[in-house]
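Please look at the structure below before reading on. The briefing takes it topic by topic.

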Amino acid sequence: MDRSVRSTVWQQIRPGALAAVQGLAVALLSLSTNVALFALSVVSLALIPALGIGFALFPAVTVLVRLSLTAQRRLSRWTGAPIASPYAPVPAGARLGTWQRFRWVVSDPATWRDFAWLIPGAVTGGVCLLAFVLPAYGLEGALFVPLVLYLTIGWYGYGVFWPMDNLVKAWLAAPQGWLILAGGLAVAHWLVWLHFRFAGFFLAPTRAQELALRVRHLAATRADTVDTQAAELRRIERDLHDGAQARLVALRMSIGLAEQLMANDPARAARLLSEAQETSGHALAELRHLVRGIYPPVLAERGLNGAVQALALTVAPPVDVDVDLDLPGSPPAAVESAAYFAVAELLTNVAKHSGARRAWVSLVHRDGVLRTEVGDDGRGGAMPDAGTGLAGVRRRLAAFDGTMTVTSPPGGPTVVTMELPCELSSRRTLPSSGTG
Amino acid sequence: MRVVIAEDLALLRDGLTHILHANGHQVVEAVADGPSVLPALTRHHPDIAVVDVRLPPTFTDEGLQAALAARMQLPGLPILVLSQHVEQLYARELLADRNGGVGYLLKDRVSNVGQFIDALRRVAGGGMVMDPEVVTQLLARTSGMQPLRDLTAREREVLGLMAEGRSNAAIAGRLFVTEKAVSKHINNIFSKLGMPPSDDDNRRVLAVLAYLNS
């Protein structure tokens with residue numbers, strides 16, 4: 001066969017073959033563990049009256065059930081619609097063997113929905129075996145195995161002919177085999193898909209569980225945000241206290257002294273005044289620096305588009321930054337500022353660590369999500385979890401339900417994509433007074 | 001000189017007016033918001049306009065936009081832009097028309113009255129004035145790169161002062177050297193950086209800034 005024809009044929013067969021293997025895996029996993037876990041669960045529940053052994057045993061069995069079903073949920077990725085985990089984290093202090101743990105386990109609806117799934121799951125998982133068995137049986141016929149067996153042992157059956165009593169029927173095993181193989185490969189994917197759709201009814205979080213998980217996530221990010229804000233305020237307070245404020249005190253002292261010396265020692269008074277001048281310059285420089293860290297003035301003046309352009313001009317050491325902006329309006333100020341600081345941090349990383357010569361930033365808003373991409377042609381190998389820089393960006397974004405994904409294979413390129421859900425408004429004006 | 005001021009904070013507006021009066025200049029009009037800038041400039045045709053970047057009603061870059069618009073309508077009108085902070089982006093936009101008569105300074109610079117009045121005069125005379133902060137940022141970004149690394153410390157100093165828009169005489173005065181020494185430094189710089197030498201001060205500023213910005 002020609003090479004390209006072979007590869008097209010393989011492309012046709014591949015999804016079915018893959019689904020056949022997946023079906024086998026699903027069947028083996030659910031047939032073996034579900035039934036065993038069901039038996040364990042029933043036994044441990046039955047042992048509750050027997051000296052209360054079940055009180056300790058049932059939570060332990062639940063741990064095993066959750067392990068197995070977590071694995072099964074993970075397999076559901078194969079269908080393209082992964083089933084989320086409904087489990088809440090174990091409360092502190094509820095160790096295995098404690099009464100508290102037992103109460104928590106039996107009051108968690110996920111426990112009983114898992115339990116309800118075990119037997120139906122074993123049944124539909126068993127059906128998934130067909131995804132593997134059908135193509136395998138088809139292959140047997142297609143490869144003339146029945147014919148060979150008929151000729152050697154004289155008695156065999158295949159497909160609709162049981163037993164095959166003449167050579168014609170033995171030959172007919174091949175076309176039947178092809179049909180069964182084709183049909184098997186075609187339905188394999190749907191068998192696996194159906195199994196996991198059915199699993200979703202038991203294993204996916206209920207609406208209430210989803211909301212509980214969401215509340216937990218929001219509480220965690222809010223706590224993080226509040227901490228970060230408090231730390232920021234503390235830093236600003238310290239900077240003002242040790243910086244501008246102290247300098248203003250010195251300034252007043254110089255001016256006061258100069259005032260006193262004006263009549264008797266004008267030369268010294270003049271010197272003090274020029275000192276005061278210099279001190280005030282330092283104080284202003286510090287304030288400018290501080291303001292830039294709180295809310296960059298260029299962001300207030302030009303919005304995110306302009307501010308990112310301005311950033312690209314200040315990357316040090318210089319990197320050629322392509323800026324591709326497609327924002328018809330402005331995100332809310334807080335989101336804008338989060339995106340700005342994220343881009344600033346990432347561009348600093350690019351300039352300092354990547355060894356890149358070119359970088360790009362793109363801002364797009366689509367389907368209610370602000371998508372920011374920062375990429376470079378540097379050496380790659382950036383670790384999203386190493387270093388406080390990227391972790392800080394992630395935390396900043398999490399406050400707005402934003403996410404960050406990093407792809408940075410060794411040798412590059414590094415691409416960081418950030419997504420922030422938000423709506424755009426037409427270019428805003430600041431209602432409050434302010435001046436530049 | 002006849003000056004138009006655009007500044008929204010009364011305290012600073014009065015301060016500027018005061019300083020200009022004390023130095024023998026006439027403030028023909030002082031406006032406090034963006035939309036009034038252009039009409040005031042077309043009405044008075046001043047020798048120079050001093051404009052704050054951020055003005056009401058939007059408190060964004062209304063003043064800068066008005067200044068850029070005025071330069072389009074009244075080509076060559078000298079404008080000195082003041083701001084609480086400097087941005088390379090704004091410097092670039094102000095220099096884009098290459099016409100001269102442009103200045104961009106931090107507001108703090110006003111406190112050094114002598115230098116501020118000098119800058120005002122240079123801009124009104126068609127010169128270019130860049131805030132040292134803009135130049136420092138540019139130099140800090142690029143100083144580690146070839147061929148700027150080949151410059152001596154003194155040459156780098158001269159390069160910075162050139163980018164701020166100072167004449168050879170002013171640079172010589174600043175560094176306590178002769179004008180001849182300054183032009184020798186400048187020749188060295190231009191040949192090390194591979195830039196065509198230029199006697200025209202404005203073109204020199206543009207060339208240096210463009211070089212540092214590239």
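Predicted model: local features only at pLDDT ≥ 70, side-chain atom pairs only at ≥ 80, totals over all residues.

Residues are numbered from 1 along each chain as its sequence is written, while chains are lettered from A and ligands numbered from 1 in the order in which they are written.

**Chain A: make-up and shape**
- Chain A holds 14 helices and five strands; helices (H or I, at least four residues) and strands (E, at least two) are DSSP runs, numbered from the N terminus.
- The radius of gyration of chain A is 34 Å, whereas a compact globule of 436 residues would have one near 22 Å. This radius is taken over C-alpha atoms, and the globule rule is 2.2 Å times the number of residues to the power 0.38.
- The C-alpha trace of chain A spans about 130 × 70 × 40 Å along its principal axes.
- In chain A, 30% of the 436 residues count as buried; a residue is buried if 20 or more other C-beta atoms, placed from the backbone, lie within 10 Å of its own.

**Domains of chain A**
- The domain assignment, which is automatic or from a database, gives domain 1 (1-205), domain 2 (210-294) and domain 3 (298-421).
- The centres of domain 2 and domain 3 of chain A, taken over C-alpha atoms, are 28 Å apart.

**Where chains A and B touch**
- Chain A gives 24 residues to the contact and chain B gives 24 residues; two residues are in contact if their C-beta atoms, placed from the backbone, lie within 7 Å.
- On the chain B side, α4 (88-95) and α6 (132-142) are the elements that give two or more residues. The largest share, four residues, comes from α6(B).

**Helix α6 of chain B**
- V134(B), V135(B), L138(B) and R141(B) are the buried residues of α6(B).
- Seen down the axis of α6(B), these residues fall within an arc of 130 degrees, so they line one face of the helix. The arc is that of the directions from the helix axis to the C-beta atoms.

**Nonpolar cores**
- The largest nonpolar core has 94 residues, and V343(A), A49(B), V51(B), L80(B) and M130(B) have the most contacts inside it. Such a core is a set of buried Ala, Val, Leu, Ile, Met, Phe, Trp, Tyr and Cys residues joined through C-beta atoms within 7 Å.
- Helix α13 (residues 333-354) of chain A supplies the largest share of this core, ten residues.
- A second, separate core of 31 residues includes A20(A), V26(A), I83(A) and L185(A).

Notes. Buried ≥ 20, exposed ≤ 12 C-beta atoms within 10 Å, placed from the backbone.
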